[in-house]
Amino acid sequence: MSEATTTAAAPDAASVSAAFGWALARDLRIALRSKAELGVQLMFYVIVVSLFPLATSPSREVLATLGPGVLWTAALLASLLSLPRLFSADFSDGTLEQIALSPRPLPALVSGKMAAHWLTTGLPVAVLAPVLGGQYAMDGTELGILAAALLLGTPILSLLGAIGAALTLGARGGGSLLALLVLPLYAPVLIFGAGAVDALRAGMSAGPQLSLLAAGLLLALVAAPFAVATAVRIALD
Amino acid sequence: MPLSSPLLEARSLAARRGYATLFQGVSFALVAGGVLAVSGPNGCGKTTLLRMLAGLAAPAEGEILLGGTRVHPFDPRLRDAVAFNGHLPALKDELTAIENLAAWTTLENERADLQGIDRALDRVALGKRSRIPARALSQGQRRRIGLARLALSPRRLWILDEPLTALDGDGVDVLEALLAAQLDGGGIVVAASHQALPVAAERLHRLDLALAHHR
């Protein structure tokens, strides 16, 4: 029946998008049933970003210098906070076994999960950032560039983070191991993301930074689903 | 394929954990309509054997054949043929019984047939509890959702880990009917169980893993 569609060769586009849609819809539905968890991550982001003006200085120059870096670092930490949840619940209740054993293409299924992760964590962070950026004396153009950089960068965080989350499945102390594994990989995203606003302030275009983020996103979109699928199969063995 | 040729065959399988051998030299062949009851003391590798047959783990030695051809872990042919009911329930606490079953059937590449799901839930006597989140269900009721899933699954090869755990008398009757229907339809069942499986004796083959230990 579906033997032809699931061989290693090439599943057809319809079965890939059906599998992607299945995982996306399911994870979004579960996320909406546990709204408290989503709220905790966003509150974490808001609080971390708001602590820096309280702890440092009210001067506009200091805050303007800190702003992009703080907003990006907090986005990284918020992403990291939500990563263990991405696969561990499915792993411990047996759903991941069933997903890996289903005839649907596993890279497409895990892509749906990663998309749901971004929609519930990365996207709200990118949307909130311009609002929170008001605390850091940033003007409209800077806030626009910040949001654009976050929109390009947070999907990379979800994709790279998912590789780490899948690799640390079943490991003792998985959460802290995950941070050690993933945070260094996040560094380039942080550098180019925060650098976009800095470039604007130095009177240059933010184009190169945004282009590099977009290139990184494309690379991660192509590679991460297969890396995650392989890591999931290893974790189940 | 002649009727008598085995649907599922294992040739001298071995499992190791670290340097310890759980079992070795496990061979069997199951024709359509056959049941393999795997028994043995705790820790002898029953679950490991079932995971190998489901395609979740690679055997340390030996090979597994499905319909006469060798299959490897996560083989597409295995993934089309197997319904794996492991010791983990794979239930999402946030979703209702209906939503859990709909998610499974669509995951298995079948169309979610809501009437069929309702019928399956009635059959396992969960019809009245089908619209509340699964976290509010008892252990036995959660097992019954697993039975409803089997009732909906058209897979030829059922792999069941301790299917009788937490089931009451009615639940066992439902399982008996499901197993009979599966075997009459030409399917096969591999089950690990400490209790006697409710199937006809002439269909039953036994595999005692204690005998395959450190041979």
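Q: Which helix of chain A holds Ile47(A)?
A: Ile47(A) sits in helix 3 of chain A, residues 35-55. Helices here are DSSP runs (H or I, at least four residues; strands are E, at least two), numbered from the N terminus. The model is predicted: local features need pLDDT of at least 70, side-chain atom pairs count only at pLDDT 80 or more, and totals for chains, interfaces and linings use all residues. Residues are numbered from 1 along each chain as its sequence is written, chains are lettered from A and ligands numbered from 1 in the order in which they are written, and side-chain values use heavy atoms, with hydrogens and water left out.

Q: Why is Ile47(A) called partly exposed?
A: Buried means under 20% relative accessible area, exposed over 50%, and partly exposed in between (1.4 Å probe, protein chains only). Ile47(A) has 43% relative accessibility, so it counts as partly exposed.

Q: Why does Arg119(B) count as exposed?
A: Its relative accessibility is 54%, so Arg119(B) counts as exposed. The residue lies in helix 4 of chain B, residues 114-123. Its C-alpha atom is 8.9 Å from that of Ala148(B), 29 residues apart along the chain.

Q: What makes the contact of Lys113(A) and Asp90(A) a salt bridge?
A: The rule asks for a side-chain nitrogen of Lys or Arg within 4 Å of a carboxyl oxygen of Asp or Glu. Lys113(A) and Asp90(A) meet at 2.5 Å, N to O. The pair links distant parts of the chain, helix 6 and helix 4 of chain A, 23 residues apart.

Q: Which residue forms a salt bridge with Arg26(A)?
A: Asp27(A) does, at 3.0 Å, N to O. Both are buried. Arg26(A) and Asp27(A) also belong to a network of salt bridges with Asp90(A), Asp93(A), Lys113(A) and Lys92(B).

Q: How far apart are the closest N and O atoms of Arg51(B) and Glu97(A)?
A: They are 2.5 Å apart, in a salt bridge. Arg51(B) lies in helix 1 of chain B (residues 46-54) and Glu97(A) in helix 5 of chain A (residues 95-101), so the pair joins two chains. Both residues are buried. Over all chains the count is 20 salt bridges.

Q: What is the volume of the largest pocket?
A: The largest pocket has about 630 Å³. Its lining has 30 residues, and those closest to the centre are Leu106(A), Pro107(A), Ala108(A), Pro225(A) and Phe226(A). A pocket is an open set of points on a 1 Å grid over the protein atoms alone, with protein on both sides within 12 Å along at least five of seven lines; a cavity is a set where a 1.4 Å probe fits but cannot get out, and lining residues have an atom within 4 Å of a point. Points are joined across faces, edges and corners, and the volume is the space filled by probe spheres set on them.
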